[in-house]
Amino acid sequence: AFYVLGQAHGSTKYAPSPMLSDSLCTCALLLEQLHASGTAEHAQSAAQLANRVWQRRGDRLFALLEPASEGDADKVQAASLRCLKAMATASDDVARAIVQRSIGGGSSVVALLNGCEKPRRSREVCGALVELVAVLLRVGPRELLSAEHGRLASSPLRLVEWLPRGARLRGLAALQTHVLGNGALSFRLVAPVANHAALAKLAPLLSAGGDLCKVTAAFLLKLSEVHAAAERQREAHGGGG
């Protein structure tokens, strides 16, 4: 998997896409299984592997996220995002490094987000991007909310209609826990998550039933609590009507 990844040069000279995307998914699966095994030894091994892959292949992974015209580019981008997500899950150090790389000028992650907001979007890439953001919010909510007017941080909301069910669940849960539930964040920072246009997209999920309905309702309830707290604080500082 690492050898094939090492043969991918930049954004347009992919190794054969099926081989590359399969190798990336294999790398991600290994990290996911190690981290999820429940043993401290395996978790440590996953973190060490994630750090090693990041140091040696981080630039390659981000290069593979850049726009490309190849027919299987979406699959390679989605597989790269899954690999980054697995690395960020296994290692907080890698997760912080990915946050900084994602919010930098000319970020390929932001370019992907731009593509996900266009009519001819890839649902597979949208889902993989939101899955990555959900993990990154654990270590860098303030940074993600401060960059790009909070567009990356709020992507689980703004792309919700294009996401697979699992990505919807994990994206909303991450926003509720790491953004709305983070008392260290000011309401000004949280504001992108309270965007009315984005929130309107959640209405259909309330009738979806099951876990998705419960997570959506819990998110909206938490958001109303954050709004109420911000209003009380405003009135306490003399801003009331």
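**Close-up views of a predicted model**

Residues are numbered from 1 along each chain as its sequence is written, and side-chain values use heavy atoms, leaving out hydrogens and water.

**View 1. The aromatic pair.** The structure holds one aromatic pair (ring centres within 6.5 Å, taking the six-membered ring of Trp). The ring centres of Trp54 and Phe62 lie 5.9 Å apart with planes at 75°, so the pair is edge-to-face (planes over 60 degrees apart).

**View 2. Helix α4 beside helix α7.** Here α4 (residues 73-90) packs against α7 (residues 123-136) at about 15°, with axes 9 Å apart; axes are lines fitted to C-alpha atoms over the stretch in contact, and angles run from 0 to 180 degrees between N-to-C directions. The two helices, α4 and α7, are therefore roughly parallel (angles under 35 degrees). Look for the contact residues (heavy atoms within 4.5 Å), including Leu81 and Leu84 of α4 and Leu129 and Leu132 of α7.

**View 3. Helix α10 beside helix α13.** Now α10 (residues 165-180) and α13 (residues 210-236) pack at about 25°, their axes 10 Å apart. That makes α10 and α13 roughly parallel too. Among the residues that meet are Leu169 and Leu172 in α10, and Phe219 and Leu223 in α13. By class, the contact of α10 with α13 has eleven nonpolar residues (Ala, Val, Leu, Ile, Met, Phe, Trp, Tyr, Cys and Pro), four charged (Asp, Glu, Lys and Arg) and three polar (the others, Gly among them).

Technical notes:
This is a predicted model: local features need pLDDT of at least 70, side-chain atom pairs count only at pLDDT 80 or more; totals for chains, interfaces and linings use all residues. Helices (H or I, at least four residues) and strands (E, at least two) are DSSP runs, numbered from the N terminus. Angles under 35 degrees count as roughly parallel, over 145 as roughly antiparallel, 65 to 115 as roughly perpendicular and the rest as oblique. Rings of Phe, Tyr and Trp (its six-membered ring) pair if their centres lie within 6.5 Å; planes under 30 degrees apart count as stacked, over 60 as edge-to-face and the rest as tilted.
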